[in-house]
Amino acid sequence: MFGRAPVLIISAALAFAEVVIGTNITSAALRGSREAQDGHECGEDWRGCMLSRCCKSAGFRCYAKSEWYAQCRSSCWPGVHLDDLPWQRDPWSCDLLDEGGGAPA
């Protein structure tokens, strides 16, 4: 009766949640990945890390853009980043939120 509509709605909701709260819910739920000490999954490369404050990959660190968003990046410089989408071009603070690259052991 409904076909693929419920799957698409759930997928869209998970993608929206990832953007809003800065964590990849899908991968945390579907596979046992490494987590920060507080139980949140460490961020993937170029993904949100505000809650976990850690990144999975060596060479990536959790940098704050604002008090609401942080991302696992290989580097960061304060100011506007032209690689952000036009409506997201608020300046980055680039405050370092983690203790080092890679998830905590």
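## Disulfide briefing

Cys 76 and Cys 94 are joined by a disulfide, with their sulfur atoms 1.9 Å apart (a disulfide being a pair of cysteine sulfur atoms within 2.5 Å). Welcome to a predicted model, where local features need pLDDT of at least 70, side-chain atom pairs count only at pLDDT 80 or more, and totals for chains, interfaces and linings use all residues. Residues are numbered from 1 along each chain as its sequence is written, and side-chain values use heavy atoms, leaving out hydrogens and water.

**Overall pattern**
- The structure holds 4 disulfides.
- Counting bonded cysteines along the chain, the pattern is 1-3, 2-5, 4-6, 7-8.

**Cys 76 and Cys 94**
- The torsion about this S-S bond is about -65°, so the disulfide is left-handed.
- Both cysteines lie in the segment after strand 2 (70–73), so the pair ties together parts that are 18 residues apart in sequence (helices, H or I of at least four residues, and strands, E of at least two, are DSSP runs numbered from the N terminus).
- Cys 76 and Cys 94 are buried, meaning under 20% relative accessible area with a 1.4 Å probe, protein chains only.

**Cys 42 and Cys 54**
- A disulfide joins Cys 42 to Cys 54, with an S to S distance of 1.9 Å.
- The torsion about the S-S bond is about -95°, so this link is left-handed.
- Cys 42 and Cys 54 both sit in the loop between helix 2 (25–30) and strand 1 (61–64), so the pair ties together parts 12 residues apart in sequence.
- Cys 42 and Cys 54 are buried.

**Cys 49 and Cys 62**
- The sulfur atoms of this disulfide are 2.0 Å apart.
- With 100° about the S-S bond, the link is right-handed.
- Cys 49 and Cys 62 are both buried.

Key
Buried means under 20% relative accessible area, exposed over 50%, partly exposed in between (1.4 Å probe, protein chains only).
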